[in-house]
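Hi,

Here's the structure I promised to pass along.

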Amino acid sequence: MKEDRDHLSYEENLSTYLDGELESSERAELERHLPDCPGCREKLIALRETSVLLKRHMMKPAPPGLATRVLARGEGKPSHFLRSLSWKPALGVLTVALGFFFLYRNRFSKGTPLPSADVSMPYAARLQEKETREDDFSAKPKRMIGMGQRTQTLPGFALGEKQSLPAAPPSEPVAQEEQSARARGIEALREKKTEYKIGEDIRLVGKMPITQESVVLIKDKSVWERFWMSYSDEPVPQIDFKIHMVIVPPAGILLGNVEMLQNKIRIHGWSKYKADANTRYLKIVPASNLPLEYLNK
Amino acid sequence: MMEPEEIVRKYSQMVYNLALRLLGNPRDAEDLAQDALLRALKALPSFRGESEPGTWIYRITVNLWKNRVRSEKRRGLWKMFSLNHGDDEMEEKILQIPDGEPLPEKQIEQAGERRAVESALAELAPEDRAILLLREMDECSYSDIARILQVPEGTVKSRLSRAREALREKLEAYRGVI
């Protein structure tokens, strides 16, 4: 109907009217319409409130030193900021080279062992622990080194810094019992049966709508149990948080396959996913401190 | 004509925010912002003042972003959703719940306006976020925004209207927070 079409055009013009960008004739027409239309008045108020919220929260501070770095580079002065694009390949090589240097120099010392693996290490590295760590901890590099972007550093070891390692212990062979116990522990970790595998989904059907809107990452068993029991009366799925963690996506997002990359964990997913408000599909990912990257399909 | 230092100090925050809203993550945004500002400095001698300096720099930023997107598409990378992050964005988007803390739901319900706005923005297309930023934060005219994004003015008008409407609807979903 003509009236509906006209009203639609009034609604469409509200945003432009708010910005003072309407042509004078359209503005006059809308201003004649507004006193008689509570719907349009309410919508205009809501648009103004949205505008206020954006003005209040949209601007982020620039990274510290951005302007200084730009000016320094613009004037051709050497920059202390090593992340410039043209330096990235060289930095990546340098980072890897330094990493290997500090790792492998132990081979030429008296066999000082590196810190043993802990659960904060990347998942893939821990799974390979058995093959790569017998009695020589420096056999292979364990650290995931980002190529010029992000360097994963284990406690007590910083790439590029002078590292004073503990003095080598008196030379004695690692006890056979200790060695095999370590191997058995690693094997047990690897073969430990958990109810869920990496990349698997856990379907959470809540007894009420699941209102949580942000992404939640759960790395702890007691937190996981409390989270699950706050929504569901079903038995809490058993997760081994030594090697796994759980991602709870926001509403409208369905998480897909998981990729373990050198310097991040990539998760694929779909937005605009229509699910009922009581259901959410949670994703099992490897326990890690690597950044998570989400790719929307 | 503005001096280089004046240009960089005046526009670096806005250029960074434009890059952030286009790319969705702070690390890439910082790279893009730095590139854009450097390119602007290099081209400054040939800038004849046909537009406001800001409009000109923002257009450089958008063009560099478009080049990056084209390059990523060629390399088969998918569109990056804003959950792809460096540190501070990660802390906003992904909550790590230490033991003993309140239940996640209560924490999220207490998140506040800023999280609601960020979550709602994250669901918009990069260009829509850029249009909102340019209009709301820099009060660019529709014609300037059209010049920056190299689209017709009518497109700016309709995209801005739709983006605000979409944002309004999404923010209503967070009514308990706002």
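**Around B:Leu132**

Leaving out its neighbours within four places in sequence, B:Leu132 touches residues of both chains: A:Leu54 and A:Met58 from chain A, plus B:Leu121, B:Leu124, B:Met137, B:Leu160, B:Ala163, B:Arg164 and B:Leu167 from chain B. Bear in mind that this is a predicted model.

**Helix α1(B)**

Of the 20 residues in α1(B), 14 are buried, so the rest of the structure largely encloses this helix. It isn't straight: look for a kink of about 50 degrees centred on B:Tyr11. Just past the end of α1(B), B:Gly24 has a positive phi of about 90 degrees.

**Strand β5(A)**

Over in chain A, strand β5 (residues 265-270) is largely enclosed by the rest of the structure, because 5 of its 6 residues are buried. What does β5(A) pair with? Strand β4 of chain A (residues 254-260) runs antiparallel to β5(A) and is joined to it by 5 bridges, with A:Glu259 opposite A:Arg266. These two strands make a hairpin with 4 residues between them. Strand β7 of chain A (residues 292-296) is also joined to β5(A) by 5 bridges, but runs parallel to it; here A:Ile265 sits opposite A:Leu292.

Cheers

Notes
Residues numbered from 1 in each chain as written. Chains lettered and ligands numbered in written order. Predicted model: local features only at pLDDT ≥ 70, side-chain atom pairs only at ≥ 80, totals over all residues. Heavy atoms only, no water. Contact = heavy atoms within 4.5 Å. Bend = angle between axes of the 7 residues up to and from the residue. Buried < 20%, exposed > 50% of the residue type's maximum accessible area, 1.4 Å probe, protein only. Pairing = 2+ DSSP bridges.
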